[in-house]
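Reader: Hey, can you walk me through this one? I'd like to ask things as I go.
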Amino acid sequence: MTDIQLDPAPTSSDVLLDVENLTVGFPTDDGLVQAVRGVTYQLRRGESLGIVGESGSGKSVTSLAVLGLLPRTAQVTGSVRLQGEELLGKTEDQYAKIRGNKIAMIFQDPLTSLNPVYRVGYQLSEAVLAHHDVSKKAALDRAIELLGIVGIPYPEQRVNAYPHELSGGMRQRVVIAIAMANNPDVMIADEPTTALDVTVQAQVLEALEAARAETGAALILITHDLGIIAGRTDRVCVMYAGKLVESGSVDDVFYRPRMPYSLGLLGSLPRLDESGRERLTPIVGAPPSLVNLPPGCPFTPRCPIAQEVCEGVEPDLTPTDSAGHHAACHFHDRLIGAKPGQLFTVTSTELEAPAELEVKA
Amino acid sequence: MSDPIQTVPPADPPGRVEREFTVKERTQTQIVLSRFLRHRAAVVSLIVLALIILWAYVVQRIWPHPYDWLDGPGSAAPSLEYPFGTDEVGHDYFARVMRGAQQSLNVAFLVALLSTAIGAPYGAIAGYFGGRVDMVMMRIVDVMLTLPVIAVAGMLTQYLRGTWWVVALILAGFGWVVNARVVRGVVLSLRQQEFVEAARALGASDARVIFRHLIPNVTGVIIVQATLDIAGAILAEAGLSFIGLGVQGPDTSLGLLTNLAQEAVGTRPWLFYFPGLTIIAIALTVNFIGDGLRDALDPRQTRQRR
Amino acid sequence: MIAYTIRRLLAAIPILVVSSFIIFWVASMSADPIRQRFEGRNPPPPAATIQLERERLNFDAGFFRQYWDWLWGLVVHQNFGPSINSAMDIGGELGRRTVITLRLVLLAMILALVLAVVTGVLSAVRQYSKLDYTFTFLGFLFLAMPSFWLAVVLKQGAIAFNDSVEGSLNRRPIPTINHEASVVPEDFWPRMMDIGLHMVLPTISLALITYAALSRFQRSSMLEVLNSDYIRLARAKGLSARRVMVRHALRTALIPLTTVSALGIASILGGAVVTETVYQWRGMGDLLVNAVRDQDRYVTMGWLLVAGLFVIIGNLVADLLYAVLDPRIRYE
């Protein structure tokens, strides 16, 4: 339709979801909790983006804000544009036309995500009927088809099951099937495997891949588990204390981190691909409270290379030595070639608690 | 610094701000107290109830017209001298209502105390041990629940002559069942939780688990239920006495006053409305206080105000 | 489910036997109704009359024997035993009065449920709004109001209203006493009209007292559902706000209310006794109050059986409804 380009460079029309300077605050008794403090990212058509961070870093709140699912008390500013259309400030009815249709979401806990009093098939076909004017019979057929795609055996029978009759992994696959029901442009998966057993995690991730392959949707995968991101997303954002502190390609962030926090996260991840026996290096301390956050970089108290400037000035995401790789650290250039063990103290597993327990993820 | 990477964290410069916890830590009591104080209706109710108690127990004693003196004109409407008027034989009705409130409050407090003292341990034991013990104990509760309070209480007050403490004993005899059920429910769900299983796995005795782990966690529920008992008892006493099956003369109570006044409601309405309003005031404030306590003691509560 | 129902009803029998035994025991402790009745009569009735009366009421048998005779008579001959008032047939009287009271209780319950759902849901949806605070305060007010007091206030209001319109209408439109007119109309529709008018005030009184607790309950269960993950998913699916509210939130939040209201039958019966007293109905309430006052122990026992049966059926209905409404519950 437009001019034929031999080398389609990324243009603004490629950008599907454009989140700009998003902030979310919750008023509480102790003051305003600044859950998200100015998050900016872009998602292109068909792309997959991982968002990594500890619990409480604001990654779930960011995606709930995108879908307009936050409680009414939340104070949201900034801009969220879907294909150039501003979403913030839309009415509930306008939003309903986008949810599930253009942007779909998969939540963390499959045990509580489905309504206990309705059959799986009802809840699936309801999603279809919300956006398509088809007969109930057709919607139910689509439900069976969807259950098949996400790898649920005997979908014709399972469609009549109640949620409590299915296992956690099955239920999460039903939630994925609901998310893909209307061929959305974007799927946001918020910790889709956290509540599940390791063996089931793989099956659910497979179902997620199948759903993506079927719909061609762009994916935002939110997790605290770096192992899930690796190999599944094109780009990664690292979140800390309500802000993006590093973003770049998976290779950049995983092998050439330019922010001490990312480095620390990698150091606390047990790995099988490294030759020899690497010690785990935990990040000491806990993330800061998001009420009355002092000025400066929020990672300062836990940062091994913190200087005076870190206490006064909070760094912005700035380009680093490689293209498309951004980090929010005053000293990102000092981290070139650094290994976690050089920065963070190695735990003495023989004397203290097992390293796994120390990992705050 | 030549080394690009500093491996040792920099020493804290003096006067460094405490950065990790910018919110002051508070003790449990402070949190509960501040949550309660934020419940405006509960705070107002607490003050009003304190005034009512003061009025019923203290003002009554120093009031110039004692409740059992016949020193006023008969059937006088409310005036400055007799704020609630007088009854047909010349009792100062203000003093009568104060006296009635005192007796009704006596009933309510005793009922709450006894119901809690019997019901809470009963429910805790049933919930904690479960199985056959629970089944037998709950069958007894089932029987109690099929007994109509009005019928049994009515028969007993007739037989024992209804002084305030007899009515209180009877109401508590039925009331504890509710406390037992509530506490049992909480204990049942607590019993399944990890920290109790952990304590058991570490070899804690039953007594230790009950007293160190369960009781502290059900205290909130017990306190809230006890306040609700007070409101329930005030209303139950009033209802029983109104139909003539509760407190009997020469003793008095708010319910009995309304009973005696029901014929007069058309001609001397003050005789009926003042004790009734006092009942409502007590029950309303107690319920609000209970609501405030529930909000304050429930650890899951994080009330957001707009 | 049928097997479960039958099992539950069978299990109720021992409970009823035990509680009737307790009532019988309490009743036998109280004063001698015959002496109470004849006390102060001048001249005192002949000893033979008293003896006949004692025999009719089976007072000379031992305590356990008396109870056994009553139970036997009830089970084998469907005979509720003799009343102090020798003209009264306890079984028939209980039947007539149960119908009168039941229509009050059921209608008040329906009205209370409608009020509770409407106010509870609105309160939850508009949490912490002016509307929520108003409903909350009203709920607390009715919760704190003695049932008789509200009944008397309504009755006085109706009397004042009747007084004010009597001159122009030439009749008093709202009946304030009794459950039917002293001269019952012959034809069907006038008769229904008469019964309906007599029910207006008692039903409103009982419903207002009952709705308050249910409304508070509905508000909190609705809030719990509204904050649940599955409501979030339902919204994320793109369902309309209305559909989320009705199909997902309300449908699920009604389950606990159904259970609670079926369980609440017992307390409503208590409220009905008081309400009937105020409006001078000749229903179950009046029967009980008189029986207790006159130490008419077999009437009290019969009353207990009917009330106990209500409670047990209420509990059973609660459990069965729960199973119907919530697919997670299954009874074998």
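Reader: How much of chain C counts as buried?
Author: In this predicted model, 37% of the 332 residues of chain C count as buried. Buried means that 20 or more other C-beta atoms, placed from the backbone, lie within 10 Å of the residue's own.
Reader: What can I trust in a predicted model, and how do the labels work?
Author: Local features need pLDDT of at least 70 and side-chain atom pairs count only at pLDDT 80 or more, while totals for chains, interfaces and linings use all residues. Residues are numbered from 1 along each chain as its sequence is written, and chains are lettered from A, with ligands numbered from 1, in the order in which they are written.
Reader: Back to chain C, how many helices and strands does it have?
Author: Chain C has 13 helices and zero strands. Both are DSSP runs numbered from the N terminus: helices are H or I with at least four residues, strands are E with at least two.
Reader: And what box do its C-alpha atoms fill?
Author: Along the principal axes, the C-alpha atoms of chain C fill a box of roughly 85 × 65 × 40 Å.
Reader: Which helices of chain C touch chain A?
Author: On the whole, 19 residues of chain C are in contact with 27 residues of chain A, where contact means C-beta atoms, placed from the backbone, within 7 Å. Helix H9 (229–236) and helix H10 (241–263) of chain C each supply at least two residues of that side. H9(C) gives the most, with seven residues.
Reader: What classes of residue are on that side?
Author: The side of chain C that touches chain A has seven nonpolar, five polar and seven charged residues. Here Ala, Val, Leu, Ile, Met, Phe, Trp, Tyr, Cys and Pro count as nonpolar, Asp, Glu, Lys and Arg as charged, and the others, Gly among them, as polar.
Reader: OK, what about chain B against chain C?
Author: There, 36 residues of chain B are in contact with 39 of chain C. H5(B) gives the most to chain B's side, with nine residues. By class, that side has 24 nonpolar, nine polar and three charged residues.
Reader: New topic: in what order do the strands of the chain A sheet come?
Author: The four strands form an open sheet in the order S2-S1-S4-S5, with antiparallel pairing. Two strands pair if DSSP finds at least two bridges between them.
Reader: Why do S2 and S5 of chain A each have a side without a neighbour?
Author: Strand S2 (31–44) and strand S5 (85–86) of chain A stand at the edges with a single partner strand each, so one side of each has no neighbour in the sheet.

Key. Contact = placed C-beta atoms within 7 Å. Buried ≥ 20, exposed ≤ 12 C-beta atoms within 10 Å, placed from the backbone.
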